[in-house]
Amino acid sequence: MSFCCGASMVGTKGTLKHYRTQVHNVPLLFCPVCHRVEVHYKVENEYEILAEYAHGDGVTDVDFQDYVMEEEEAIFENVINMESEDPLAIIRSQIDMSLDLLGVAKQIGDSKWERELKKRLAVMSQRRHRLQQKA
């Protein structure tokens with residue numbers, strides 16, 4: 001499970017640009033708070049090798065799934081949420097986890113962590129409110 005900004009990162013697949021080469025269907029993790037995106041750690045080395053070779057060969061588009069045979073279930077087995085889930089359910093899950101962490105931060109007296117978690121909770125609460133307005 002990967003964390004960023006006090007929230008667990010959400011699993012998805014997407015396209016990344018490596019110089020002039022676009023690599024499609026790359027397993028990714030993104031933060032629902034700050035929107036940081038990173039290649040899933042289980043396939044990071046494979047992504048780097050594929051992207052470098054494709055760029056070196058002058059290829060403009062390559063599909064990650066055509067070259068790496070990892071099972072999606074195995075890659076994302078430790079991810080709390082997937083992008084394919086209901087966005088409101090993801091945000092609620094993220095808020096619940098952050099509230100649990102806030103309790104821990106208060107219990108150990110870490111005021112800096114408390115402030116950070118409260119900021120993240122405010123961002124996720126706003127996002128939840130927007131999602132509820134759309135529904």
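Predicted model: local features only at pLDDT ≥ 70, side-chain atom pairs only at ≥ 80, totals over all residues.
User: Where do I start with helix α1, and how many residues does it have?

Analyst: Helix α1 spans residues 44–56 and has 13 residues. From its first C-alpha to its last it reaches 18 Å, close to the 18 Å expected at 1.5 Å a residue.

User: Which residues of α1 are buried?

Analyst: The general idea comes from the helical repeat. An α-helix has 3.6 residues a turn, so residues three or four places apart point the same way. In this model the buried residues of α1 are Y47, L50, A51 and A54. They lie on the same side of α1, because they cover an arc of only 100° around the axis.

User: What is on the face turned away from that buried side?

Analyst: That face of α1 carries the exposed residues N45, Y53 and G56.

User: What covers the buried residues of α1?

Analyst: The cover includes the strands β3, β4 (21–30), β5 (37–39) and β6 (61–63), together with α2 (64–67). For a view from the strand side, take H18, which is found in β3 (residues 10–18). Leaving out residues up to four places away in sequence, H18 touches Y47, A51, E52 and H55. Of these, Y47 and A51 are among the buried residues of α1.

User: Is H18 buried or exposed?

Analyst: The relative accessible area of H18 is 15%. Buried means under 20%, so H18 counts as buried.

User: How do I read the strand pairing, and in which sense do β3 and β4 pair?

Analyst: Look at the direction of the two strands, then at which residues stand opposite each other. β3 and β4 pair in the antiparallel sense over 8 bridges. As an example, K17 stands opposite Q22 in β4.

User: What other strands does β4 join, and how many bridges are there?

Analyst: β4 and β6 run parallel and are joined by 3 bridges. Here Q22 stands opposite D61 in β6. β4 and β5 run antiparallel, also with 3 bridges, and the bridge partner of L29 in β5 is E38.

User: How many of the residues of β4 are buried?

Analyst: In β4, 7 of the 10 residues are buried, so the strand is largely enclosed by the rest of the structure. N25, which is found in β4, is partly exposed at 26% relative accessibility.

User: Where is Y19, and what is its phi?

Analyst: Y19 sits in the loop between β3 and β4. Its phi is near 55°, a positive value in a residue other than glycine. The hairpin of β3 and β4 has 2 residues between the strands. Y19 is exposed, with a relative accessible area of 56%.

User: Which residue takes a positive phi in the hairpin of β4 and β5?

Analyst: In that hairpin H35 takes a positive phi near 70°, and there are 6 residues between the strands.

User: What follows α1?

Analyst: G58 follows α1, and the phi of G58 is positive, near 80°.

Conventions: Residues numbered from 1 in each chain as written. Heavy atoms only, no water. Helix = DSSP H or I, 4+ residues; strand = E, 2+ residues; numbered from the N terminus. Buried < 20%, exposed > 50% of the residue type's maximum accessible area, 1.4 Å probe, protein only. Contact = heavy atoms within 4.5 Å. Expected span 1.5 Å × (residues − 1). Arc of directions from axis to C-beta. Pairing = 2+ DSSP bridges.
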